[in-house]
2 protein chains.
Amino acid sequence: MGAATMADVARVAGVSKKTISNYFNGYPYIRPETRARIEAAVAELNYKLNVSARNLSSGRTGTIALAMPEIAHPYFAELAQSVVSAAQRRGLNVVVEVTDGDRERELALLRGENGRYVDGLLLHAIALTADDIASSTLDVPVVLIGDRVHEGRFDFVTVANVDGAYEMTRLLLQSGRRRILALGVDRAEADTAAALRFAGYARALAEAGVGLADDLLVGPLPWNRAEGARAVADARERGVDFDAVFGFNDALALGALGELQRRGVRVPDEVAVAGFDDVQEAALTFPPLTTLDPGREGIAERAVSRLAERLAAYDLPPELFVAVPRVVRRASA
Amino acid sequence: MGAATMADVARVAGVSKKTISNYFNGYPYIRPETRARIEAAVAELNYKLNVSARNLSSGRTGTIALAMPEIAHPYFAELAQSVVSAAQRRGLNVVVEVTDGDRERELALLRGENGRYVDGLLLHAIALTADDIASSTLDVPVVLIGDRVHEGRFDFVTVANVDGAYEMTRLLLQSGRRRILALGVDRAEADTAAALRFAGYARALAEAGVGLADDLLVGPLPWNRAEGARAVADARERGVDFDAVFGFNDALALGALGELQRRGVRVPDEVAVAGFDDVQEAALTFPPLTTLDPGREGIAERAVSRLAERLAAYDLPPELFVAVPRVVRRASA
DNA sequence: ATGAAAGCGCTAACAC
DNA sequence: GTGTTAGCGCTTTCAT
C-alpha cells in the first residue's frame, strides 16, 4: 500500500507535481478548474502532505520548541497558552519540553543534543548560569525568557522585576502600611527574581524612610502556596508584627491569604496582601488579590515574534525586551 | 557554509556514514576508539543530526500531537504536564494544539488538514459528535480522551463519571446531608460529563430514598469558578435551602466555596462542599476541598502508552480505558 | 563491525 | 500558469 504522494495526486489530477506543491503552499495562480481537479484527486486518494519531506527539502520545520520548568504551574500554563496562540497565528507548531528546572536538561537543549528538530527555541531557563548560556552550540535562533537578565548572544524577554516590586511596595506604603512582610527574599544571587523583587521592595522602603526589618524578610524558600501559608503561620506564632504581606509571586501571596483567613485575620483591614504574577486565580479569591500583571500575553507575543523575525532574518543584534508589570489593584490591598 | 552532514562527520572520523548513523541510533557494537573518533568529529564540526532527514527516511517523526481546548485551565495544564512526561519517557516529543473547544478546529485535526506531521494524535475533543469522529480520514493512530464515551474506531480513555459522582454523593449523604445543591447539571446530551455526573448524583439519591428537587439542580452553565460563585449566591438569594454543594468540577466547587465564605457560611458545618477533578488548588484552599481524583497521571500514561503501542503494532482493536476516580476526602465535606 | 547505493517525498530554480 | 530536474540528508537493504 503506502500512502499517496504528490506524484500520485498529480497523475490523478492530470497536472504536474509542481502544481500540487503550489496548491499546498498557497500559490494563488491556479485555475479554478485545476484547483477543483486537485481537490478531487486529494480526496480520492486521501492524500496527506508529507511534512517530513517538505521539511527536509525546505530546510525548515515550521516548529519551535518551548522549554520550561513545568507546565502545571499556573504561571507557566498561562505562558504556554499564550505562546502556543502566538505561534499558531504565525503558522508555527510548538513542541513543549519540560526541564523540571534541571540544569542538565536545560543545557541539553542549548547543546542541541536531540539534533535539529525545530527552527528555533524559546527557553525559560531557571538553572543556567551566564556561562552555560554563552556555551550554547545551538545553530538555530534562541530567545530566552526569564527573570535573570542575561545580556549576551541571545534575545532576552523579561519583566521589570525591580520596578514592579517597587510600585507594589509603594502602593502598600501609601495605604499606610509600614511593617510589610516580604515573602520569597533571597539575596544570594544578584540577578534572580528573588533578589530583584527584594531590591524593588527595599528601594520603596528606603524612599519612604522606612527601615528594613530582618524579621520581616522571609526566605529563601520555594515559591509555592504551602510555603506562603507556612511563612505567615510562622510569623504569627513568633509574634512578628506586620500589617501587610507582599508575596514575591502569587502562589506565596495566595498561601498567605489563605493562612490569614484560617486564623481569622481580616484582609485587608488588619493585614493587606499583595502578590506578583496575576495568575487567573488571583481575581477569584476572596478577597481578590492585588497583584502585578507582568503582561504575559505581551511577553509571549514578543518572544514568539522575535523568534519569527530571526527565522526570517539572520544577523539581527540580540535584543532585550523588558515588560513593565502593571499594578492590578483588587480588594486585598 | 551549510551545516555539517553525516558524510562530513564520517569523513573526519574516518568511518562510513552508516557507522555515524549507527552511533546516533544507539547501535551498541561500535568499538570504543571508533566511538571516540566520532565524538571528536561531531564536536569539531558542531554536527547536529538533521531530524527532518531522518523522519523522511524512516517514515516516522518521533512526535505526537496533544490537542485540547486550552492549556491554561488547571485540569488541562496538569493533563498536559502528565502527557509530556509520559511521552518524554518514551522518547517522543509532544506538539500541543489548542482547539478552543471549536468543532471546526477539532475536525481539522481529525481530517489531517495540516498534513502528516506527527506519528499519532491524542485528542481531547469536546465539541465533536460521534459522526464527526467516525468521519476521520486521518492515517495515523488516534487516542481520544474525554468524558463522552465514544465507542468506535478509536481507542478511548475516559473517567467513570457516573460512578465517581455516585460515590461522592453517597459520601455527602452518609454525613447526613440531604439537600445537595448540584452545580453543572445538563441533561440535554446523554453522554456529556454534565449528564453522566448528574446520573451518578441521581442514582445515589434514589438509593438513599432522597428525592430529586428541582431547585437543587443548577445548570446548564459554564463550568468555571465565577459561575460556581454565582450559582451559590443565587440559591441563597432565592432562599433555597441546602446543606451541601456538589460542584461537577473543582472550578464550580471552588467558586461555591469562595462565595459561601464571603457570606459567612461555615464550611462544612453549615454547608459541605465537594468537587470533581482534584486540581492542585483543591488541596490548598481553606478548608481544603473534598473532591474526586480522576487519576490524571494514569489517564495520561494510559493514553500515551496506548498510542505508543499503536505506533509499533497496527491492527489492534480499539480499546476503552475507564479510569475510576478516587474520593479524596478533605475538610470541606 | 562497516561500506555502497538506492531511495524516502518533497521544494526550488528555471524553463516554457 | 505549469512542467522538469536536481537535490535535501538521512535510513536501509545487502554485502563484506
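This is a predicted model: local features need pLDDT of at least 70, side-chain atom pairs count only at pLDDT 80 or more; totals for chains, interfaces and linings use all residues.
Q: Are α8(B) and α9(B) parallel or oblique to each other?
A: Helix α8 (residues 161–174) of chain B packs against helix α9 (residues 193–207) of chain B at an angle of about 40°, with the axes 7 Å apart. Angles under 35 degrees count as roughly parallel, and 65 to 115 as roughly perpendicular. The two helices α8(B) and α9(B) are therefore oblique.

Q: By class, how many nonpolar, polar and charged residues does the contact of α8(B) with α9(B) have?
A: α8(B) passes α9(B) in a right-handed crossing. On the α8(B) side the contact includes B:Y166 and B:L173, while the α9(B) side includes B:L196 and B:Y201. Sorted by class, the contact of α8(B) with α9(B) has 10 nonpolar, four polar and four charged residues.

Q: At what angle do helix α10 and helix α11 of chain B pack?
A: These helices cover residues 225–237 for α10 and residues 250–262 for α11, and their axes are 6 Å apart. The angle between α10 and α11 of chain B is about 50°. That makes α10(B) oblique to α11(B), so the word that goes with this angle is oblique.

Q: Is the crossing of α10(B) past α11(B) left-handed or right-handed?
A: Among the residues that meet here are B:A229 and B:V232 in α10(B), and B:L252 and B:G255 in α11(B). By class, this contact of α10(B) with α11(B) has 11 nonpolar, three polar and three charged residues. As for the handedness, α10(B) passes α11(B) in a crossing that is right-handed.

Q: Which element gives the largest share of the surface near DNA strand C?
A: DNA strand C is surrounded by 26 residues, and the closest are A:M6, A:S21, A:A53, A:S57 and B:S16. Elements that give two or more residues to this surface are α2 (17–24) and α4 (51–58) of chain A, together with α2 (17–24) and α4 (51–58) of chain B. The largest share, five residues, comes from α4(A).

Q: Which element gives the most to the surface near DNA strand D?
A: Around DNA strand D there are 27 residues, the closest being A:S16, B:M6, B:S21, B:A53 and B:S57. By class, the residues of this surface divide into 10 nonpolar, 11 polar and six charged. With five residues, the element that gives the most is α4(B).

Q: Which element gives the largest share of the side of chain B that touches chain A?
A: Here 43 residues of chain B are in contact with 43 residues of chain A. The elements of chain B that give two or more residues to this side are α4, α5 (74–89), β2 (93–98) and α11. The largest share, eight residues, comes from α5(B).

Q: How are the two copies related?
A: Chain B superposes on chain A (RMSD 0.1 Å) by a rotation of 180° with 0.0 Å of shift along its axis. The two copies are thus related as by a two-fold rotation axis.

Q: In chain B, which residue has the C-alpha nearest the axis?
A: The axis in question belongs to the rotation of 180° that superposes chain B on chain A. In chain B, the nearest C-alpha lies 2.1 Å from this axis, and the residue is B:V95.

Q: What percentage of the interface residues of chain B are also interface residues in chain A?
A: The copies meet through the same surface. That is so because the share of interface residues of chain B that are also interface residues in chain A is 100%.

Technical notes: Residues are numbered from 1 along each chain as its sequence is written. Chains are lettered from A and ligands numbered from 1 in the order in which they are written. Axes are lines fitted to C-alpha atoms, for helices over the stretch in contact, and angles run from 0 to 180 degrees between N-to-C directions. Helices (H or I, at least four residues) and strands (E, at least two) are DSSP runs, numbered from the N terminus. Angles under 35 degrees count as roughly parallel, over 145 as roughly antiparallel, 65 to 115 as roughly perpendicular and the rest as oblique. A crossing is left-handed if the near helix is turned anticlockwise from the far one by less than a right angle, and right-handed if clockwise. Two residues are in contact if their C-beta atoms, placed from the backbone, lie within 7 Å. Ala, Val, Leu, Ile, Met, Phe, Trp, Tyr, Cys and Pro count as nonpolar, Asp, Glu, Lys and Arg as charged, and the others, Gly among them, as polar. A residue is near a molecule or strand if its C-beta atom, placed from the backbone, lies within 6 Å of it. Copies are superposed by least squares on the C-alpha atoms of residues with pLDDT of at least 70 in both.
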